[in-house]
Amino acid sequence: MVFDNKFIQQRIEKANILKEAGFNPYSNNSKRNTTIEKYLNVNSDIEDKEDKRDENRHYIVNGRIKLFRIMGKASFVKIEDESGMLQVYVARDNLAEGFYNDIFKKHIEVGDIIEVAGYPFVTGKGELSLHATELNLLTKAISPLPEKFHGVTDKEIRYRKRYLDLIMNADVRKTFKIRSKVISLTRRFFEDKGFLEVETPMMHPIAGGANAKPFVTHHNALGIDRYLRIAPELYLKRLIIGGFEAVFEINRNFRNEGMDATHNPEFTSIEFYWAYKTYKDLIEITKEYFEYLFDHLDLPALLPYGDMEVNFANFTEIPLIESLTTIGGVPAEVTNDKDKIVEFLNSKNITVKPGMNLGQLQGELFDEFVEEKLIDPTFITEYPVDISPLARRSDENPEITERFELFIAGREIANAFSELNDPVDQLGRFEAQDAAKESGDDEAHEMDVDFVEALSYGMAPTAGQGIGIDRLVMLLTNEHSIRDVLLFPAMKPIHAEQKNQEEE
RNA sequence: GUCUUGUUAGCUCAGCUGGUAGAGCACGUCACUUUUAAUGAUGUGGCCGAUGGUUCGAAUCCAUCACAGGACACCA
């Protein structure tokens, strides 16, 4: 039984009694005429009045009861709506005959959502409150709320029952408001720059645009498997080929991989593509984007993150190979020699998979010795072509690409490059990835002949970038688990759910 | 995937070297018309995550499993 808990039974009984007494425990007859925040603002002048009240003002507020203090013939109730918390003073003699003792005191309790009408006054302790002249139940909560002081702190409950977390923890609501704002500001920033927001498929015949394992689903009508997208990249580029010159998409990607503090199977990114631009332009627009976010979110340039302090006024740029020596402390003669890199990594007790090419090994060095040291925003540029199957080669050195990744607080935030638009080169890169796949790299990029064909019609020189929104929000809200910036993070099913699935 | 720490009342947590299960909040009853986690009195409330084992006896010791947190590995 779902409701076999004795507290729940008790509250169901209270709801029944209320119903019999003519009070609908699930009334939808709200007559609210202000929010709590507005009420508190509009009536802030009350404390200056001589008798600290104004019985000529009349307000109706709604909210959930968070605290309940009965003191005989009068009570204090704190109710909360989305905008804030308000103290309500409820006295027996201000309400209908019998209501206070028989209904209010006995059958209304913490967790219930009520409507209160009354006038503003300031209590002896100086708190602007609402003096109730009428009070009604709107919604009976038959499950009791968690403890009023500690709230709910168990992370498992907080993630599985996010609604409870949101009821109990105002800070959590704040984090998700910031998340919403970041997405809205991002959309506005790119729209203001003339970018067009588009929607591309979530179900792909080939999971392309990144190196990752996809989720598989099945389309019954066509009798074929589809892959939940791991990235929108190849579709957005098709739009550039079609003649849209600046497009962006903010949406979910799905990767069938592990879960931890920075990985959820579905995550949100923005990808944008900009014709007739290069990765150099992307560096500039990225700086401008961060400035825009910080400005509109009212954040300080020196932003604390855990025990770090990130200086957002200090964006720097450094080529990957150079960073290996200057930041990573890897000897210069090691960085361009496969055997020496393997030897060097081994000497640091790091084993690498056999058969890695030079670019992959350089990436390995970077991950091991540089990444975590990049606290202030740093554009790492000139990535090896071996690990950049979709990026344009540098004209000066065909072994490196016109690419950067942006690192902040030791973590990758963005990945960007001048796009590869030479269809023959692209075909070759895909073939190289195919070969890697053959030899066991199950995250190598899939061959996508259809995309190569699209490129063959000519894609204008284009720069494109992806930014991980979840990690960006983590950074801006000083959260250290991706689950704290996702309303409903992925969780393993609990026992009962597994059982049900087996039965079905 | 590996290591590690948890799982006890609706919630937050105690429970020592094994001996019939504890507190606070919440809830019930009583008192209280300006409280601030209101207060005082009193009472109800447990498959001690699951399954096995050791033992006269297990919340406690052991094993396996489930879920969660943290760290590491891989990835965004």
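Predicted model: local features only at pLDDT ≥ 70, side-chain atom pairs only at ≥ 80, totals over all residues.
Figure 1. Helix α7 spans residues 233–241 and is mostly covered, with seven of its nine residues buried. The buried positions in α7 are Glu233, Leu234, Leu236, Lys237, Arg238, Ile240 and Ile241.

**Figure 2. The largest nonpolar core.** This core has 46 residues, and the members that touch the most other members are Phe190, Phe272, Phe290, Phe312 and Ile408. Helix α8 (residues 279–297) supplies the largest share of the core, ten residues. A second, separate core consists of 24 residues, among them Ile79, Val90, Ala132 and Leu137.

Figure 3. Leaving aside neighbours within four places in sequence, Ile408 is in contact with Phe290, Val310, Phe312, Leu374, Ile375, Pro377, Ile413 and Leu475. Two of these partners, Phe290 and Phe312, are listed with Ile408 among the core residues that touch the most other members. Ala409 is found in the loop between β16 (403–408) and β17. Ala409 is not a glycine, yet has a positive phi of about 55°. With a relative accessible area of 7%, Ala409 is buried, because buried means under 20%.

**Figure 4. Asp298 in the loop between α8 and β12.** Asp298 is found in the loop that links α8 to β12 (302–305). The phi of Asp298 is positive, about 60°, although the residue is not a glycine. Asp298 has 68% relative accessibility and so counts as exposed, the cut-off being over 50%.

**Figure 5. The five-stranded barrel.** Strands β1, β2, β3, β5 and β4 close into a barrel in the order β1-β2-β3-β5-β4, with mixed pairing. From one strand to the next, the twist averages 50°. Strand β1 (residues 59–71) and strand β2 (residues 74–81) run antiparallel and are joined by seven bridges. Leu67 has Lys78 as its bridge partner in β2.

**Figure 6. The open sheet of β7, β9 and β8.** Three strands form this open sheet in the order β7-β9-β8, with antiparallel pairing. β7 (203–204) and β8 (216–219) stand at the edges and each has a single partner strand, so one side of each is left without a neighbour in the sheet. Between β7 and strand β9 (residues 224–228), the antiparallel pairing extends over two bridges. His204 has Tyr227 as its bridge partner in β9.

**Figure 7. Protein surface near RNA strand B.** RNA strand B is surrounded by 57 residues, of which the closest are Lys6, Gln10, Asp93, His263 and Arg471. Of the RNA strand B atoms within 4 Å of the protein, 58% belong to sugar or phosphate, and the rest belong to bases. A backbone N or O atom of Ile70 lies 3.2 Å from a base nitrogen of the RNA strand. A polar side-chain atom of Lys125 is 2.7 Å from a phosphate oxygen of RNA strand B. In the side chain of Arg160, an N or O atom lies 2.9 Å from a sugar or linking oxygen of RNA strand B. The elements that give two or more residues to the surface near RNA strand B are α1 (6–20), β1, β2, β3 (84–91), α4 (155–160) and α15 (495–503). With five residues, α4 gives the most to this surface.

Figure 8. His263 lies in the loop between β10 and β11 and is one of the residues closest to RNA strand B. The relative accessibility of His263 is 36%, so the residue counts as partly exposed. The side chain of His263 makes polar contacts with the side chains of Asp260 (2.8 Å) and Thr262 (3.2 Å). Leaving aside neighbours within four places in sequence, His263 is in contact with Gly258, Arg471 and Ile482. Arg471 is also listed among the residues closest to RNA strand B. Val330 is 67 residues from His263 along the chain, and the C-alpha atoms of the two residues are separated by 29 Å.

How values were computed
Residues numbered from 1 in each chain as written. Chains lettered and ligands numbered in written order. Heavy atoms only, no water. Core = buried A, V, L, I, M, F, W, Y, C linked by side-chain atoms within 4.5 Å. Buried < 20%, exposed > 50% of the residue type's maximum accessible area, 1.4 Å probe, protein only. Helix = DSSP H or I, 4+ residues; strand = E, 2+ residues; numbered from the N terminus. Contact = heavy atoms within 4.5 Å. Polar contact = N/O pair within 3.5 Å; in protein donor to acceptor, adjacent residues only side chain to side chain. Pairing = 2+ DSSP bridges. Axes fitted to C-alpha atoms, helices over the stretch in contact; angles between N-to-C directions. Near = heavy atom within 4 Å.
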